[in-house]
Amino acid sequence: MKNQQIASSMAGTDWLFKMAWRDGKASGGRLVLFMASIILGITALVSIQSFSDNLKENIRLQSKSLMGADFIIDSRQLPNEKVQGIMDSLGGAEGMEVNFASMAAFPKNEGSKLVRVRGLEGNFPLYGDLETEPADAATSYISKGGALVDATVMLQFELQVGDTIKIGNASLPIAGTLISAPGNSAFASSVAPPVIVPYSLIDQTGLLQVGSRLDYNYYFVAPPDMDLDALDKELDPILDAENADLDTHTSGSRQLGRNYGNVGRFLNLVAFIALLLGCVGIASSVQIYIKEKLRSVAVLKCMGASRKQTFLIYLIQIGSMGFLGGVIGTIGGILLQLTFPGILQEFLPFEVQLSLSIQPIIMGLLLGVLMSVLFALLPLISTWYVSPLQVLRIQETPEERPRKARALVFIAILIFVFLFSLWLLEDLSYATGFVISIAVTFSILAGVATLFMKGIKRFFPAKWSFTSRQSLLNLFRPNNQTMVLLIAIGVGAFLISTLYFTKDMLLAMAQLDSSTNSPNIILLDVQSEQNGEVAESITHKGLPVLDNIPIVTMRMHTIKGRDANELRQDTTLTMNKWVLNHEFRVTYRDTLISSETLTEGEWIPEIPKEGPIPISIADNIARDAELAVGDTVIFNVQGVLMETVIGNIRAVDWARMQPNFNVVFPTGVLENAPQFQVITTNAPNAEASARLQRELVQKFPNISVLDLRQIVTLIENILDKIAWVINFMAFFSILTGIIVLIGAVRTSKYQRIKESVLLRTLGATSRQILQITALEYFYLGLLGSGIGIILSLISSQLLASFVFKAPFVPSLVPFLVLLPGVTLLVLLIGLGNSRSVLNSSPLEVLRKEGL
Amino acid sequence: MSKILNVDQLGKTYSSGSKKLKVLDAISFEIEQGDTFAIVGPSGSGKTTLLGLCAGLDKPDSGYIELCGTRINELSEDQRALLRNREVGFIFQDFQLLPTLTALENVSVPLELQGVKDASKQAMELLKKVGLADRSHHYPSQLSGGEQQRVALARAFSNRPSILFADEPTGNLDEETGEKVVKLLFELNKEAGTTLVIVTHDLDLAQRTQHILRLKGGKITTNKSTVTS
């Protein structure tokens, strides 16, 4: 007669946790390795997400000091009466600025450089500071009639305060070093560093001429209760019609936030890939872990545990490890982001103040639990179907997990990956594209790895030495994780190689043609009356005049019979409105140039005797303005209206480093219009380029000189920096692969010990055992990184052929550095974790195994 | 005396590759409460399968099994688990202790599944009875075969089962250790008043029970009492 109290219900949740703990503490090492697989991915994600949030918040808080005002009205010309009236109605501008690109000369060492001249007047900046050295130069430069010169220029030309800078016709003393100022953009400052001068001295420079690209900015302080978004909405269309524009600090900061956000999203994806790899590692490790637990599950079911209880015990273990992994990864991510301001300093417009952001922390914790449970679910559900009969010695066909359950788990994983990608990217098509790409990449890697393995089995090298053959066979041992390791290492190698190949492709596209017939120096803003003299200066130096291109500025007045103003007001308009506000720089000629290909219509070299003027437009303009051959456009050519008809549409290779044009007129139309020239030449080396620039800056201070070699170097530097950041993130994938490898080695440790012991009992030497172990990891590393690099080579070639349409010459770095590097790393880690295998005493093991 | 186990026209077929193997064919017998019962037969006779079905570890393909007044056929897997926890104890040839739990924890599991509050205390009492109280915190890997089987004995009796199934309890033990374990088994069984069903190929062990059921080729050849009047 039973006399104990039996609870009305079976053991509760506390028993499940108790059992999970009891069983888990004996398997602590294995579970810690599961956890480690996802830590790196979570660290990367949390760090990027947290930093992005901080950056957005900093931009929002500092938006006023980034702009230097509450809002700006800007225009490419002095404001007309209407715009002035609007500005007056807003209380008048507190400060104003004119800025333009120009060559600056430094008589001290005869140096010259393309700079961005900012002529300031009034109260600027209204928020934030001009940071200068010495500090008082920020205010004294006005009274001293001096210039504030960007710090990089000061360094490059070894300039001191007091030295002279010549801008146009004006020679000004350098009043101080400009360290930072509102309104400076990082990339633009790299191409043309800023020089600040008093607005009153601009006329002295003589640089405000026809064709000069000028920007006039008027800075305003808004009353505290002003709704800036409403103001923007109300005034922007009116100002657009007058060729002006309104930008508020909020819209400016939103745009800046979006730009940085896009970079953050890309890096997040790279980090997410590392996390996915970790989860694949978890799935594989848990599979083996659970397989070893199935006997215990059967025993528990014999004792009376239900399917749900046995399933939950191991679910709790995995979930707990996932949560711990999430905690550690989140802490790691928060600490890692502390390094980002230093690493990304050159890309950021201000100093970022870091604070704890809640959302990434919650994301890190949730991801840890969700992803480890999701990816462990497939092996976990096998506990559901274990029959208690397994404790008896009955041999029957092993129970197969229903396909429905497996399919449901796969679908759940895909849905989660999709939803998380959607949350990261905030775009449905990008998220879909990412998930498909991931699925395809992993599938291809798995497929190629499978083919390799099958190939090795089929064409097994029977003539190889014993150790080489045995190590190959070890890749196929029961419970091997060869496939998972190949995928983990392969994805990391694939990511990093693709980065190198793509970077080289982009650089190759930016490379200059080395022949003397290709321009590497472009002279801008050459006035008509200077044309002859400039050309003579060039030829006098033994350099060729390759192009002498006339430029006429004009705007679209009507499109297909509709007035530009009317089109601006039309809220149902589908065309891209930038064409309505843009000042086109147009040229005229009778031939196509090498970067152009006719796609529609007929090339008309000269104006016909009657009818509207047939013009040629680039395909992007045709797309944006919704224009086709035969459509009419009336241009306002500096006050004169010209009726034109679209004669043809061209495809333009904008990546070519030469002057390209959206609109080209035939000859015989614009020859007498107010115009300026763009002249190109080829200098054989940097000295010849410098000599030419010195002379031109002295004789023709209004001309801007673009040395394309310097631009290419700049692009190279930027691409290098971007590549470094992406490499840093992609390396997380490699590291995750390493952790998965360590997990795999540990998991199979006892099996390897048994094998090693048996071999030694049969007479194998320690050296042979070491060789077998070493070769096994060598094959893994070589195969994994090799597959990843080869796949990357193929996909990069496809990118080059179909997307960039450029030749592809693969970088050697993946082959010479990545392949041997990863192989060596895998070898060292494998050997390092196999010491107990190599050192176990045979007798001890045989006794333990009861052999 | 009431019947604790009633088996009628029991049949079971397993698939082996593409072949179907009829392991049990029209098996019928009864066991009275409190009896000791042995199932013997050569290897492949179906005795282990029969034990498994009687214990509710699987469902028969034909016939029915009534255990402790409940028809097992009609129960779901979870319902059978509940029945096992309340009414059945197990002893296996290879001990089947949970390797990650200590001896005490292994013995506690059936009690904890019942939601018993002082499971550890009761488990310790049982370990004392089998002479392993001082090894309560040792893991199975730290115990010898005989010690492991004694822990398994303690576990089997912990939930005070109505019926205890033992599958070759001495199969992995040497003769001396096996004898000790068998002696302990019968002592505990007598003390608890449990019905005992032993699967064995050891005829000497079988002779110590009250009834012997012989199986061959999945069919009963003899079913007789060993008690001489």
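## Basis of the description

Helices (H or I, at least four residues) and strands (E, at least two) are DSSP runs, numbered from the N terminus. The model is predicted, so that local features need pLDDT of at least 70 and side-chain atom pairs count only at pLDDT 80 or more, whereas totals for chains, interfaces and linings use all residues. Residues are numbered from 1 along each chain as its sequence is written, chains are lettered from A and ligands numbered from 1 in the order in which they are written, and side-chain values use heavy atoms, with hydrogens and water left out.

## Chain A as a whole

The secondary structure of chain A comprises 28 helices and 21 strands, and its C-alpha trace spans about 110 × 70 × 60 Å along the principal axes. Of the 851 residues in chain A, 53% count as buried, where buried means under 20% relative accessible area, exposed over 50%, and partly exposed in between, with a 1.4 Å probe and protein chains only. Contact is taken as heavy atoms within 4.5 Å; among the contacts in chain A between residues at least 6 apart in sequence, 82% join residues at least 24 apart.

## Packing of H10 and H11

Two packed helices are described by the angle between their axes and the distance between the axes. Helix H10 (residues 249-303) and helix H11 (residues 307-336), both of chain A, pack at an angle of about 145°, and their axes are 11 Å apart; here the axes are lines fitted to C-alpha atoms, for helices over the stretch in contact, and angles run from 0 to 180 degrees between N-to-C directions.

On the side of H10(A), the contact is made by Val286(A), Tyr289(A), Ile290(A), Lys293(A), Ser296(A), Val297(A), Leu300(A) and Lys301(A), and on the side of H11(A) by Arg307(A), Thr310(A), Ile313(A), Tyr314(A), Gln317(A) and Ile318(A). These residues divide into eight nonpolar, three polar and three charged, with Ala, Val, Leu, Ile, Met, Phe, Trp, Tyr, Cys and Pro counted as nonpolar, Asp, Glu, Lys and Arg as charged, and the others, Gly among them, as polar.

## Helix H14 and its surroundings

Helix H14 (residues 403-425) of chain A has 23 residues and reaches 32 Å from its first C-alpha to its last, close to the 33 Å expected at 1.5 Å a residue, the expected span being 1.5 Å times one less than the number of residues. Buried residues of H14(A) include Ala405(A), Val409(A), Ile413(A), Phe416(A), Val417(A), Phe420(A), Ser421(A), Leu424(A) and Leu425(A). Their cover includes helix H2 (28-61), H10, helix H13 (358-380) and helix H15 (428-458) of chain A. Just after H14(A), Glu426(A) takes a positive phi of about 55°.

## Leu239 and the cysteines

Leu239(A) lies in helix H9 (residues 228-241) of chain A and, because its relative accessible area is 0%, counts as buried. Leaving aside neighbours within four places in sequence, Leu239(A) is in contact with Ile73(A), Val83(A), Ile86(A), Ala244(A), Asp245(A) and Leu246(A). The C-alpha atoms of Leu239(A) and Gln337(A), 98 residues apart along the chain, are separated by 42 Å.

The structure holds zero disulfides over all chains, a disulfide being a pair of cysteine sulfur atoms within 2.5 Å. Cys302(A) is in no disulfide, and the nearest cysteine sulfur, that of Cys54(B), is 14 Å away. Cys302(A) is buried, with a relative accessible area of 1%, and Cys279(A) also counts as buried, at 0%.

## Backbone features in chain A

A cis peptide bond with omega of about 0° joins Phe124(A) and Pro125(A), and Pro125(A) is placed in the loop between strand S3 (111-122) and strand S4 (131-133). The peptide bond from Glu133(A) to Pro134(A) is cis too, with omega near 0°, and Pro134(A) is in the loop between S4 and helix H5 (137-144).

Lys560(A), a residue other than glycine, has a positive phi near 50°. Lys560(A) is found in the loop between strand S12 (545-559) and strand S13 (562-563) of chain A, and counts as partly exposed at 40% relative accessibility.

## Features of chain B

Ala26(B) lies in strand S2 (residues 19-32) of chain B; its phi is near 50°, a positive value in a residue other than glycine, and Ala26(B) is partly exposed, with a relative accessible area of 40%.

Helix H1 (residues 47-54) of chain B has eight of its eight residues buried, so it is largely enclosed by the rest of the structure. The buried residues of H1(B) are Lys47(B), Thr48(B), Thr49(B), Leu50(B), Leu51(B), Gly52(B), Leu53(B) and Cys54(B). Just after H1(B), Gly56(B) takes a positive phi of about 80°.
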